[in-house]
Amino acid sequence: MGAIDVHQHLWPRAFIEALAERRETPKLDGRMLVLPEGTYQVDLDEHLLERRLSQLDAAGIDTAVVSLQPTFGLEALPADERARLERIWEDGVLELAAESRGRIVPLAASRPREGFAGVSVGADTFDDLAAL
């Protein structure tokens with residue numbers, strides 16, 4: 001069995017474009033990611049599949065499990081906005097996973113969905129296991 005990294009984040013191009021179109025957080029302003037907790041410079045090239053696979057190779061990692069990070073604060077958005085962003089990310093990451101030939105394994109954003117290895121949940125959801 002090869003090396004597996006179980007905690008990476010990968011943004012499909014359509015998700016980056018959706019964040020760039022937004023006027024409220026979470027949003028991208030050029031190469032600045034604006035989140036409820038602060039603003040951070042990002043290297044968008046880190047989210048190109050070819051670059052990610054090269055990084056995995058350099059680190060000796062065969063497979064990366066990727067998720068949509070909870071720090072975006074999507075749970076605070078109106079349900080339709082949240083669902084739209086999650087769907088854009090999920091659809092895009094499924095395409096990247098297929099192109100990666102099994103090296104990228106995605107977790108769904110908030111509910112089980114075909115094609116995903118599981119679901120990513122924020123740590124705060126463990127405060128209410130019955131609801132989870």
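Predicted model: local features only at pLDDT ≥ 70, side-chain atom pairs only at ≥ 80, totals over all residues.
In general, the strands of a sheet pair through backbone hydrogen bonds, in either a parallel or an antiparallel sense.

The two pairings of the sheet can be described in turn. Strand β3, spanning residues 32-35, pairs with β2 in the antiparallel sense over three bridges. Within this pairing, L28 stands opposite L33 of β3. On its other pairing, β3 runs antiparallel to β4, and the two strands are paired over four bridges. Here M32 is placed opposite Q41 in β4.

Strand β1 consists of residues 4-8 and contains Q8. The relative accessible area of Q8 is 13%, and this residue is therefore classed as buried, the cut-off being under 20%. The side chain of Q8 is joined to that of D5 by a polar contact of 3.0 Å. When residues up to four places away in sequence are not counted, Q8 touches R52, L56, A64, V65, V66 and S67. Two of these contacts, R52 and L56, are also among the buried residues of helix α2.

Helix α2 covers residues 49-59, and its buried residues are L49, R52, L53 and L56. Viewed down the axis of α2, these buried residues fall within an arc of 95°, so they line one face of the helix. By contrast, E50 and A58 are exposed on the other side of α2. The elements covering the buried residues of α2 include the strands β1, β5 (63-66) and β6 (104-106), together with helix α3 (79-99). After α2 comes G60, which has a positive phi, near 70°.

Technical notes. Residues numbered from 1 in each chain as written. Heavy atoms only, no water. Pairing = 2+ DSSP bridges. Buried < 20%, exposed > 50% of the residue type's maximum accessible area, 1.4 Å probe, protein only. Polar contact = N/O pair within 3.5 Å; in protein donor to acceptor, adjacent residues only side chain to side chain. Contact = heavy atoms within 4.5 Å. Arc of directions from axis to C-beta.
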